[in-house]
Amino acid sequence: MTDRQLRALLNLFMCSDPWPASDDDIAVIEALITTEVAKRGFPDWIEAYHSMAVNDD
C-alpha cells in the first residue's frame with residue numbers, strides 16, 4: 001500500500017463514524033490500517049491520521 005492509499009483509507013475511516021460496515025468488517029479494516037501505520041513508525045492509526053503528511057505525486 002502506498003502512503004497516498006493509506007492516507008485516503010485513514011480519511012475514510014476517520015469520517016465513517018457511525019460505521020457503515022459490520023463490526024467484523026471494521027475490525028478487518030482497522031487491523032489493516034494498524035499494520036500499515038506501524039510499518040511507518042506510528043503507534044496507532046489515530047496518531048497517523050493526525051500526523052501523516054503525504055505528497056499527492
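View 1. Among contacts (heavy atoms within 4.5 Å) with a separation of 6 or more in the protein chain, 59% join residues 24 or more positions apart. This is a predicted model, in which local features need pLDDT of at least 70 and side-chain atom pairs count only at pLDDT 80 or more, while totals for chains, interfaces and linings use all residues. Residues are numbered from 1 along each chain as its sequence is written, and side-chain values use heavy atoms, leaving out hydrogens and water.

View 2. Helices (H or I, at least four residues) and strands (E, at least two) are DSSP runs, numbered from the N terminus.

**View 3. The largest nonpolar core.** Ten residues make up this core, including Leu6, Ile33 and Trp45. Such a core is a set of buried Ala, Val, Leu, Ile, Met, Phe, Trp, Tyr and Cys residues joined through side-chain atoms within 4.5 Å; buried means under 20% relative accessible area (1.4 Å probe, protein chains only). Helix 1, helix 2 (23-39) and helix 3 (45-51) each give two or more residues to the core.

**View 4. Around Phe42.** Phe42 is one of the core residues. Leaving aside residues up to four places away in sequence, Phe42 touches Val37, Glu47, Ala48, Ser51 and Met52.

**View 5. A buried arginine.** Look for Arg7 in helix 1 (residues 3-15). Arg7 is buried, with a relative accessible area of 12%, and its side chain reaches the backbone oxygen of Tyr49 at 2.8 Å.

How values were computed. Buried < 20%, exposed > 50% of the residue type's maximum accessible area, 1.4 Å probe, protein only. Polar contact = N/O pair within 3.5 Å; in protein donor to acceptor, adjacent residues only side chain to side chain.
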